[in-house]
Amino acid sequence: MHRVLPIILSICSAIAAAEPATGNLEQEARELAAQFISELKPRLKLAMQEGGPTRAIEVCASAAPKIADSLSADSGWQVKRVSLKSRNASRAIPDGWEREVLEDFDRRQAAGEAAADLHFGEVSGSRYRYMQAQGAAGLCLTCHGENLAQPVRDTLDKYYPDDQATGYQLGQVRGAISLSRQL
Ligand code: HEC
């Protein structure tokens, strides 16, 4: 028994050493998620003020994918946004891992946690993955809420014929920024 214990201990510490430290990765992912929002939100707000929601949809349709792509190219992370009810059908449909996390976010939000506080990160296969939820605030409901103005509906139909991202209520999880990088 005494001979076996050191072997077991050394195997355990080898496993512990192989497990990558994820603290820095989580920090990087958080910063990138914050950067995504701080680049998109002012443009959305400005477009709303200057040209109303239909103009803001046009701005968002071109700006949001560009921001995600340039953050990805600059950082070495893959940055995107996903939702259980996606608007951009070519980018925002979640994979299996993202779907589970989004479903968990919905459960936690329904149980009383604030959407903005919901985030989750872990090593999955050969990647570190992280998601930060985005809650539906008042402004968001103009384009993601229950009773959309007709011009908003028409503009959305033009850009997103497969849009599912409406019918949200204040505070619900609209979607999440999803980040991953190879370890
Ligand atoms: C002026 C209309 C408008 C407003 C206001 C708006 N959005 Fe969106 N939202 C869009 C459009 C258009 C897209 C699709 C962008 C794209 O093609 O990537 C989108 C996409 C998204 C996505 C990506 C997932 C998907 O379904 O494609 C999330 C998450 C999201 N919006 C959250 C929010 C949140 C949170 C707010 C409030 C802070 C908000 N939106 C306000 C129009 C809007």
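Select Arg87 in this predicted model and display its surroundings: apart from neighbours within four places in sequence, Arg87 is in contact with Cys143, His144, Leu156, Tyr160, Asp163, Gln164, Ala165, Thr166 and Arg174. Arg87 belongs to the loop between strand S1 (78-82) and helix H3 (96-110). With a relative accessibility of 10%, Arg87 counts as buried, because buried means under 20%.

Proceed next to His144, one of the contacts of Arg87. His144 is placed in helix H4 (residues 141-144). Its NE2 atom is 2.2 Å from the iron atom of the ligand and is the single donor from the protein.

The aromatic residues follow. How many aromatic pairs does the count give? The count comes to three. Among them is Trp77 with Tyr128: the ring centres are 6.2 Å apart and the planes stand at 85°, so this pair is edge-to-face. Trp77 lies in the loop between helix H2 (23-75) and S1, whereas Tyr128 lies in strand S3 (residues 127-135), so the pair ties together parts that are 51 residues apart in sequence. Trp77 is buried at 2% relative accessibility, and Tyr128 is buried with a relative accessible area of 2%.

Tyr159 counts as partly exposed at 34% relative accessibility, while Tyr160 counts as buried at 13%.

Finally, select Lys85, which lies over the face of Tyr168 at 4.4 Å from the ring centre.

Methods. Residues are numbered from 1 along each chain as its sequence is written. This is a predicted model: local features need pLDDT of at least 70, side-chain atom pairs count only at pLDDT 80 or more; totals for chains, interfaces and linings use all residues. Side-chain values use heavy atoms; hydrogens and water are left out. Donors are N, O and S atoms within 2.8 Å of the metal (3.2 Å for Na, K and Ca); water is not among the atoms, so sites may look incomplete. Helices (H or I, at least four residues) and strands (E, at least two) are DSSP runs, numbered from the N terminus. Buried means under 20% relative accessible area, exposed over 50%, partly exposed in between (1.4 Å probe, protein chains only). Contact means heavy atoms within 4.5 Å. Rings of Phe, Tyr and Trp (its six-membered ring) pair if their centres lie within 6.5 Å; planes under 30 degrees apart count as stacked, over 60 as edge-to-face and the rest as tilted. A charge sits over a ring if NZ of Lys or CZ of Arg is within 6 Å of the ring centre and within 35 degrees of the ring normal.
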